[in-house]
Structure formats: structure tokens, C-alpha cells
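Biologist: Hi! Could you walk me through this one in plain words?
Modeller: Happy to, let's look at it together.

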Amino acid sequence: MKPRTPKSMELYHILMKRGYPQEFCEQITLNLNTDWTAQRMIGYLSHYQKLPMEEVVDEMLAILSDRNRIMQKHELESVNVKWNEYLNR
């Protein structure tokens, strides 16, 4: 896994301040280790005071699923561009 970004560390501190266990906070931020994913979780948490850990994990999985879907879309678009270039030569 890549190191945590500043936004991911901000998320870590938000989770710690809300009273979640340290190991839980570490696991969440190790998985949400980009500015985009960490910001999504920070935005989600901003609507609530304290959520059950299960709901935080569910949102983390949803964010990761969205990220993977976007990455796949970009990869497919890139392949499509190359295919079209091949066909049009």
C-alpha cells in the first residue's frame, strides 16, 4: 500500500477525535490513502456526529468501489482510443 496523503492523515485525526479505536482509524486511512478517497470520507462524516463502525466501513467500501469503477472506465476509454487509432490508420 502507498503511504497516506495529508488528506488521509486529516481523516485519521477526525476519526480519532470521534473516539474510534486507533487500529480501526489506521485501517480506514490505509485503505483510503489518496486525497480523493479520503476527502470523500471526510465529506460523508461531516453529515454525522458519530456513526457505528460498520457504517464507516460500508462507506469506505462504497468509496473504493466507486474509485475502482472510475479507474476501469478510464482504462477502457484509453483502450478504445488506441483501438480507434489502429482502425483509422
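**A chat about the helices**

Modeller: Let's start with Glu-23, which lies in helix α2. Helices here are DSSP runs of H or I with at least four residues, strands are runs of E with at least two, and both are numbered from the N terminus.

Biologist: Is Glu-23 buried or exposed?
Modeller: Glu-23 is exposed, with a relative accessible area of 60%. Buried means under 20% relative accessible area, exposed means over 50%, and partly exposed is in between, using a 1.4 Å probe and protein chains only.

Biologist: How far apart are Glu-23 and Arg-89 in space?
Modeller: From C-alpha to C-alpha they are 55 Å apart, and in sequence they are 66 residues apart.

Biologist: Before we go on, where do these numbers come from?
Modeller: This is a predicted model, where local features need pLDDT of at least 70 and side-chain atom pairs count only at pLDDT 80 or more, while totals for chains, interfaces and linings use all residues. Residues are numbered from 1 along each chain as its sequence is written, and side-chain values use heavy atoms, with hydrogens and water left out.

Biologist: Thanks! How many helices and strands are there in the protein?
Modeller: There are four helices and zero strands. Along the sequence the pattern reads α-α-α-α. The radius of gyration is 17 Å, well over the 12 Å that the globule rule gives for 89 residues, so the protein is more spread out than a compact globule. That radius is taken over C-alpha atoms, and the globule rule is 2.2 Å times the number of residues to the power 0.38.

Biologist: What box do the C-alpha atoms fill?
Modeller: Roughly 60 × 25 × 20 Å, taken along the principal axes. As for burial, 28% of the 89 residues count as buried.

Biologist: Tell me about α4. How many residues does it have?
Modeller: Helix α4 has 35 residues and reaches 51 Å from its first C-alpha to its last, close to the 51 Å expected at 1.5 Å a residue. The expected span is 1.5 Å times one less than the number of residues.

Biologist: Which residues are buried in α4?
Modeller: Val-56, Glu-59, Met-60, Ile-63 and Leu-64. The buried residues of α4 pack against α2 and α3.

Biologist: Let's pick Leu-64. What is it in contact with, apart from its neighbours within four places in sequence?
Modeller: Leu-64 is in contact with Asn-31 and Leu-32, where contact means heavy atoms within 4.5 Å. Leu-64 and Leu-32 are 32 residues apart in sequence, but their C-alpha atoms are 7.6 Å apart in space. Leu-64 is buried, with a relative accessible area of 13%.

Biologist: And what about Leu-32?
Modeller: Leaving aside neighbours within four places in sequence, the contacts of Leu-32 include Ser-8, Leu-11, Met-41 and Leu-64. Leu-32 is also among the residues that touch the most other members of the largest nonpolar core, which has 18 residues. Helices α1, α2, α3 and α4 each supply at least two residues of this core, and α3 gives the most, with five. A nonpolar core is a set of buried Ala, Val, Leu, Ile, Met, Phe, Trp, Tyr and Cys residues joined through side-chain atoms within 4.5 Å.

Biologist: Back to the start of the chain. Which residues of α1 are buried?
Modeller: Ser-8, Leu-11, Tyr-12 and Leu-15. They cover an arc of only 105° around the axis, which puts them on the same side of α1. The arc is that of the directions from the helix axis to the C-beta atoms.

Biologist: Why would residues spaced like that point the same way?
Modeller: An α-helix has 3.6 residues a turn, so residues three or four places apart point the same way.

Biologist: Last one: what does the side chain of Thr-29 reach?
Modeller: The side chain of Thr-29 reaches the backbone oxygen of Glu-26 at 3.2 Å. Thr-29 sits in helix α2 and is buried, with a relative accessible area of 0%.

Notes: A polar contact is a pair of N or O atoms within 3.5 Å; within protein, one must be able to donate a hydrogen and the other to accept it, and residues adjacent in sequence count only if both atoms are side-chain atoms.
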